[in-house]
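Hi everyone, thanks for coming. I'd like to walk you through a few spots in one structure, so let me put it up on the screen.

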Amino acid sequence: MRTTSYLLSTLKETPAEAVLASHRLMLRAGLIRQIGQGLYTWLPLGLRVLSKATAIIREEMDKAGALEMIMPIVQPADLWRESGRYVQYGPELCRFKDRKKNEYVLGPTHEEVITSIARREIKSARQLPVNLYQFQWKFRDEIRPRFGVMRSREFLMKDGYSFDTDVEGLGKSYQAMYDAYSRAFTRMGLNFRPVQADTGSIGGYKSHEFQVLADAGEDLIAYSDGSDYAANIEKAECLVPQGEREAAKDAYSEVPTPGAHTVDEACQAVGVATKKMLKSLVIHGRKLEDGSNELVMICLCGNQELNEIKASKIEGIANPIEFASDEEIQKFTGAHPGSLGPVGFKGRILVDRDADRMGNFACGANRDGYHLINVNWDRDVPKYEVFDLRNVEEGDLSPDGHGKLHLCRGIEVGHVFMLGTKYSEAMHCTVTDENGKEVPMIMGCYGIGVTRVIAAAIEQSHDDRGIIWNEALAPFKVAIVSVRADKSEAVRNTAEELYQKLTAAGIEVLYDDRDERPGFKFADMDLIGIPHIVTIGDKGLSQGVIEYKDRRSGERENLPLDHMFDALCAKFAKNN
């Protein structure tokens, strides 16, 4: 491809709205352009990269025995009512009516559609297992789209769905997709890690996220230094602390703490460390007959953070977590949030495992401006329940018993779920088994955010000059930069000869034949991130060489002019 006949839309200045490196570089390199909030056009250069990722994923899906299809982005609302998600999914689901007042949604995902298809097309257990997948644009009405295509409203996803007759079959389908995803991300050159994860709004009972490790990631990942254990912090278990609880000493007493509303302020006022101060939060439990909410207290060590996902899994707790308002707390306890504690609390009390080991601790007195010291469980708080409620921390013991946990940031690019029968039961998606009985199909769900993969790859691999593509995703394999070709027939002829040979060999090449300053052209090729860059100029030709540059390492080398094609191909082979 010649740049003079290509839409190469690079920008010199950094767009003001771009915060992440991937967003900044995708705009500057001319991969994408925003046309509305969270809505992007993929320009020719960006589409080449997107197509590379799509091709790799498709190859691995096909190799794993999955069958490609395509489903509409516009979906009947009735399907979502069948599954129960029409209301449950929330405002991210874009709902609308056509001219005949029929209700539809713009698909954020396709569980309902694929289940509808399966119940029509699959009648007998002999037709299973089957695994169907598609590449389709999705729409989620994000309340705050940001970071470019990392969290956009419209995005390209590869989503797949398996159907089996039993849990054993689902396990095999799940493992096949887990392995296919691992191969695909490895081929893309990504530094990633599969981690245990919560199933979220999709549902099911087991899932793994594929996280690309990057400082810009929104997710926090816990991994062991002694095993291959890894989990999203939402899922990572905190083990029961070792050792016994400190024995109770003096009776508790009240201490004035005027103006102390935070844990740090209370610790300073009382004179204890944060690990000896109890943090008390109030959330909603069950709905009561009068329409109000049961109020439930959660107790943690003052230096630790609540894991809302863990708490939401407890029976009788609102899911997702709903924190009680100041007014609700004041009415129920007589105090404001900064003065709460379990002593005398009239509702249900949930205590974290670490907090359960605390003895002679301090906490709010349920009276504004006062805290209690020397409080102890059982003696002073006779009724409570103990759960794993906190986020894991750096240095915690690994849940699998091997090594300690460390934390890092990750970008979720893929997710595999064991759905079970959540959708097949709700939507009556059944098959006839060998005994003639109608049984629900057992489903798996497997997704890759293809557009997000591109952003994640850039976050992992860039420098101050631009993108550094892995060859598998690069829009072009090699760039040819001609220096002052308008003034040198030798430069024009040599560049043209190399371009023709590379193209004939099926090598993707971008020939920068523009009448621009050399520095401008070099900056564009670095910005775009093409792995191999060849410079052809009069100075080199006079010495019988062309210059080769490895974009990733920055190393430069002169290649002999008389067999430049073979020498360049040797460089390609070395980097593969």
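Let me begin with a question: how do the residues of the lining of the second largest pocket divide into nonpolar, polar and charged? Keep in mind as we go that this is a predicted model. The answer is eleven nonpolar, seven polar and one charged.

Let's stay with that pocket for a moment. The volume of the second largest pocket is about 280 Å³. Its lining is made up of 19 residues, and the ones closest to the centre are H261, K279, S280, P337 and G338. Which elements supply at least two residues each? Those are α7, residues 263-270, and β14, residues 278-287. The biggest share comes from β14, which gives five residues to the lining.

Next, please find N376. You'll see this asparagine in the loop between β18, residues 370-375, and β19, residues 385-387. Is N376 buried or exposed? Buried, because its relative accessibility is 3%, and the cut-off for buried is under 20%. What does its side chain reach at 2.9 Å? That would be the backbone nitrogen of N360. A polar atom of the N376 side chain also lies 3.4 Å from the backbone oxygen of N374. Leaving aside residues up to four places away in sequence, N376 touches E246, A248, K249, G359, N360, F361 and V381.

Last stop: helix α14, which covers residues 518-528. Which of its residues are buried? They are P518, K521, D524, M525, D526, L527 and I528. As a reminder, an α-helix has 3.6 residues a turn, so residues three or four places apart point the same way. Just after α14 comes G529, and this glycine takes a positive phi of about 85°.

Note on methods
Residues are numbered from 1 along each chain as its sequence is written. This is a predicted model: local features need pLDDT of at least 70, side-chain atom pairs count only at pLDDT 80 or more; totals for chains, interfaces and linings use all residues. Side-chain values use heavy atoms; hydrogens and water are left out. Helices (H or I, at least four residues) and strands (E, at least two) are DSSP runs, numbered from the N terminus. Buried means under 20% relative accessible area, exposed over 50%, partly exposed in between (1.4 Å probe, protein chains only). A polar contact is a pair of N or O atoms within 3.5 Å; within protein, one must be able to donate a hydrogen and the other to accept it, and residues adjacent in sequence count only if both atoms are side-chain atoms. Contact means heavy atoms within 4.5 Å. On a 1 Å grid over the protein atoms alone, a cavity is a set of points where a 1.4 Å probe fits but cannot get out, and a pocket is an open set with protein on both sides within 12 Å along at least five of seven lines; lining residues have an atom within 4 Å of a point. Grid points are joined across faces, edges and corners, and a volume is the space filled by probe spheres set on the points. Ala, Val, Leu, Ile, Met, Phe, Trp, Tyr, Cys and Pro count as nonpolar, Asp, Glu, Lys and Arg as charged, and the others, Gly among them, as polar.
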